[in-house]
Amino acid sequence: MLQDLIKRVNFPAIKYDLICKKTYWLLLLGIIINFNINININPSYAQTNSNIAIDKNIINKPLIVQGISGGAITALEITQTKNTGTGYCDGFASQQPNHILKIDTFFDYLRLEVDSSADTTILVRGAGGVWCNDDAGSANPVIEGQWQPGVYQVWVGSYRANSNNNYKIKITGR
């Protein structure tokens with residue numbers, strides 16, 4: 001279509017090639033700049049919201065997932081409670097959960113253990129309620145116990161607002 005328009009206006013072929021090349025490079029530059037701006041403005045952009053399927057095989061082989069903790073929203077805003085049976089709902093997280101767990105069967109015991117060099121928190125909301133933890137013997141949180149089948153949202157927060165830190169969650173069934 002662009003080629004027909006240029007022929008109607010009687011552009012020589014050299015000008016047509018030059019226009020196409022400039023347009024291509026300008027579009028590519030715009031995409032690169034837009035991607036870099038999004039990464040720099042929102043550190044959690046680089047981390048995708050991961051969906052994790054949990055089945056009975058987790059008992060034989062632990063699962064490790066990674067992400068970036070923190071955000072500007074208080075744990076209280078997410079959970080609507082200050083305290084749960086697993087601990088206090090402290091810290092700051094992002095609006096969207098870091099991970100979505102899909103559990104296909106009842107687990108008599110399942111453990112989510114966060115490992116980070118920073119002080120992190122964990123919030124879990126799903127089938128059966130809300131659970132939080134701040135410190136489980138260290139600056140890292142743990143949620144463990146019985147889990148019903150269903151979908152669970154998991155947030156890994158930081159103790160201070162807008163403090164983004166790398167973490168790993170080890171999910172085990174023993």
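In this predicted model, cysteine 132 is buried, with a relative accessible area of 0%. Its partner in a disulfide is cysteine 89, the two sulfur atoms lying 2.0 Å from each other. Cysteine 89 counts as buried too, at 8% relative accessibility. A search of the whole structure turns up one disulfide. The torsion about the S-S bond of cysteine 89 and cysteine 132 is about 85°, and the disulfide is therefore right-handed. Because cysteine 89 sits in the loop between strand E5 (87–88) and strand E6 (92–93), and cysteine 132 in strand E10 (residues 129–133), the pair ties together parts that are 43 residues apart in sequence.

Strand E10 also holds asparagine 133. With a relative accessible area of 7%, asparagine 133 is buried. Its side chain reaches the backbone nitrogen of valine 142 at 3.0 Å. Leaving out residues up to four places away in sequence, asparagine 133 touches Thr86, Gly87, Tyr88, Thr121, Ile122, Pro141, Val142 and Ile143.

The whole structure contains three aromatic pairs. In one of them, tryptophan 131 and tryptophan 147 are tilted, at 6.0 Å centre to centre and with 35° between the planes. Tryptophan 147 counts as buried at 4% relative accessibility. Tryptophan 131 also pairs with tyrosine 152: the ring centres are 6.1 Å apart and the planes stand at 40°, so this pair is tilted. Here, too, distant parts of the chain are linked, with tryptophan 131 in strand E10 and tyrosine 152 in strand E12, 21 residues apart. Tyrosine 152, at 0% relative accessibility, counts as buried. Through these ring pairs, Trp131, Trp147 and Tyr152 are joined into a cluster. Elsewhere, an aromatic ring meets a charge: the charged end of lysine 56 sits over the ring of phenylalanine 107, 4.8 Å from the ring centre.

Beyond its neighbours within four places in sequence, leucine 112 is in contact with Leu101, Ile122, Pro141, Val142, Ile143, Trp147, Val154, Ile169, Lys170 and Ile171.

For the protein chain as a whole, the secondary structure comes to three helices and 13 strands. Of its 174 residues, 35% count as buried. Among contacts between residues at least 6 apart in sequence, 74% join residues at least 24 apart.

Serine 69 is buried, with a relative accessible area of 1%. Although serine 69 and tyrosine 167 are 98 residues apart in sequence, their C-alpha atoms are 6.8 Å apart in space. Not counting residues up to four places away in sequence, serine 69 touches Thr120, Val156, Gly157, Ser158, Ser163, Asn164, Asn165 and Tyr167.

Most residues other than glycine have a negative phi. Glutamine 80, however, has a positive phi, near 65°. Glutamine 80 lies in the loop between helix H3 (75–79) and strand E4 (83–84), and is exposed, with a relative accessible area of 63%. Asparagine 162 likewise has a positive phi, near 55°. The loop between E12 and E13 holds asparagine 162, which counts as exposed at 55% relative accessibility.

Terms used. Residues are numbered from 1 along each chain as its sequence is written. This is a predicted model: local features need pLDDT of at least 70, side-chain atom pairs count only at pLDDT 80 or more; totals for chains, interfaces and linings use all residues. Side-chain values use heavy atoms; hydrogens and water are left out. Contact means heavy atoms within 4.5 Å. A disulfide is a pair of cysteine sulfur atoms within 2.5 Å. Helices (H or I, at least four residues) and strands (E, at least two) are DSSP runs, numbered from the N terminus. Buried means under 20% relative accessible area, exposed over 50%, partly exposed in between (1.4 Å probe, protein chains only). A polar contact is a pair of N or O atoms within 3.5 Å; within protein, one must be able to donate a hydrogen and the other to accept it, and residues adjacent in sequence count only if both atoms are side-chain atoms. Rings of Phe, Tyr and Trp (its six-membered ring) pair if their centres lie within 6.5 Å; planes under 30 degrees apart count as stacked, over 60 as edge-to-face and the rest as tilted. A charge sits over a ring if NZ of Lys or CZ of Arg is within 6 Å of the ring centre and within 35 degrees of the ring normal.
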